[in-house]
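Hi,

Here is the structure I promised to pass on. Please open it alongside this message; my notes follow below.

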Amino acid sequence: MLLSNWKTFMECTMSRTIGQTLRKAIEFHKAGKLHEAQGLYTAILRLQPKHPDANHNMGALAVDLGKLELSLPYFKKALQVNPKIPQFWLSFYQALKKLA
């Protein structure tokens, strides 16, 4: 029972921390501090490789850096995890269109 409570506590703490980290990454991204944003998105994806928002934003950051080919796997992962978010589809299609 104690182990189960500890696991729940750690999951809640990690989730809160990831949410805070994501907000800070987005803040950096919007401010044009792309290197800092990339570091935070990467940290989130190390802990939660399927995090849809971090994957989408990492793809958007790759587009911002002119690395369109690198953006596609991130957009695909975001779509695999949550295909109901229209912005994920839009970003993916815009990247594909730029590559054409």
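The side chains of N57 and H56 are joined by a polar contact of 3.1 Å. A polar contact here is a pair of N or O atoms within 3.5 Å; within protein, one must be able to donate a hydrogen and the other to accept it, and residues adjacent in sequence count only if both atoms are side-chain atoms.

Please keep in mind that this is a predicted model: local features need pLDDT of at least 70, side-chain atom pairs count only at pLDDT 80 or more, and totals for chains, interfaces and linings use all residues. Residues are numbered from 1 along each chain as its sequence is written, and side-chain values use heavy atoms, with hydrogens and water left out.

**Around N57**

N57 is found in helix α3, residues 52-64. Helices (H or I, at least four residues) and strands (E, at least two) are DSSP runs, numbered from the N terminus. N57 has a relative accessible area of 14%, so it is buried. Buried means under 20% relative accessible area, exposed over 50%, and partly exposed in between (1.4 Å probe, protein chains only). Leaving aside neighbours within four places in sequence, N57 is in contact with L22, I26, H29 and Y41. Contact means heavy atoms within 4.5 Å.

**Helix α3**

The buried residues of α3 are P52, A54, N55, H56, N57, M58, G59, L61 and A62. The length of α3 agrees with expectation, because its 13 residues should span 18 Å at 1.5 Å a residue and its end C-alpha atoms are 18 Å apart. The expected span is 1.5 Å times one less than the number of residues. Just after α3, G66 takes a positive phi of about 80°.

S91 lies in helix α5. S91 counts as buried because its relative accessibility is 9%. S91 and N57 are 34 residues apart in sequence, yet 9.6 Å apart in space, C-alpha to C-alpha. Which residues does S91 contact, leaving aside its neighbours within four places in sequence? They are H56 and F75.

F75 lies in helix α4, residues 68-81. F75 counts as buried, because its relative accessibility is 1%. Again leaving aside neighbours within four places in sequence, F75 is in contact with N55, H56, G59, A60, V63, S91, F92 and A95.

**Aromatic rings**

How many aromatic pairs does a search of the whole structure find? There are 2. W89 and Y93 form a stacked pair, 5.9 Å centre to centre, with 25° between the planes. Rings of Phe, Tyr and Trp (its six-membered ring) pair if their centres lie within 6.5 Å; planes under 30 degrees apart count as stacked, over 60 as edge-to-face and the rest as tilted. Both W89 and Y93 lie in helix α5, residues 86-99, 4 residues apart, or about one turn of the helix. W89 is partly exposed, at 33% relative accessibility. Y93 is also partly exposed, at 48%.

F92 and Y93 form a tilted pair, 5.8 Å centre to centre, with 50° between the planes. F92 counts as buried, because its relative accessibility is 12%. Ring pairs link W89, F92 and Y93 into a cluster.

One ring has a charge over it: the charged end of K24 sits over the ring of F28, 5.0 Å from its centre. The test is that NZ of Lys or CZ of Arg is within 6 Å of the ring centre and within 35 degrees of the ring normal.

**The whole chain**

The protein chain has 5 helices and 0 strands. Of its 100 residues, 30% count as buried. Among contacts between residues at least 6 apart in sequence, 39% join residues at least 24 apart. The accessible surface comes to about 6,800 Å², and 61% of that belongs to carbon and sulfur atoms. Accessible areas come from the Shrake-Rupley method with a 1.4 Å probe; for residues, only the protein chains shown count as cover.

Best wishes
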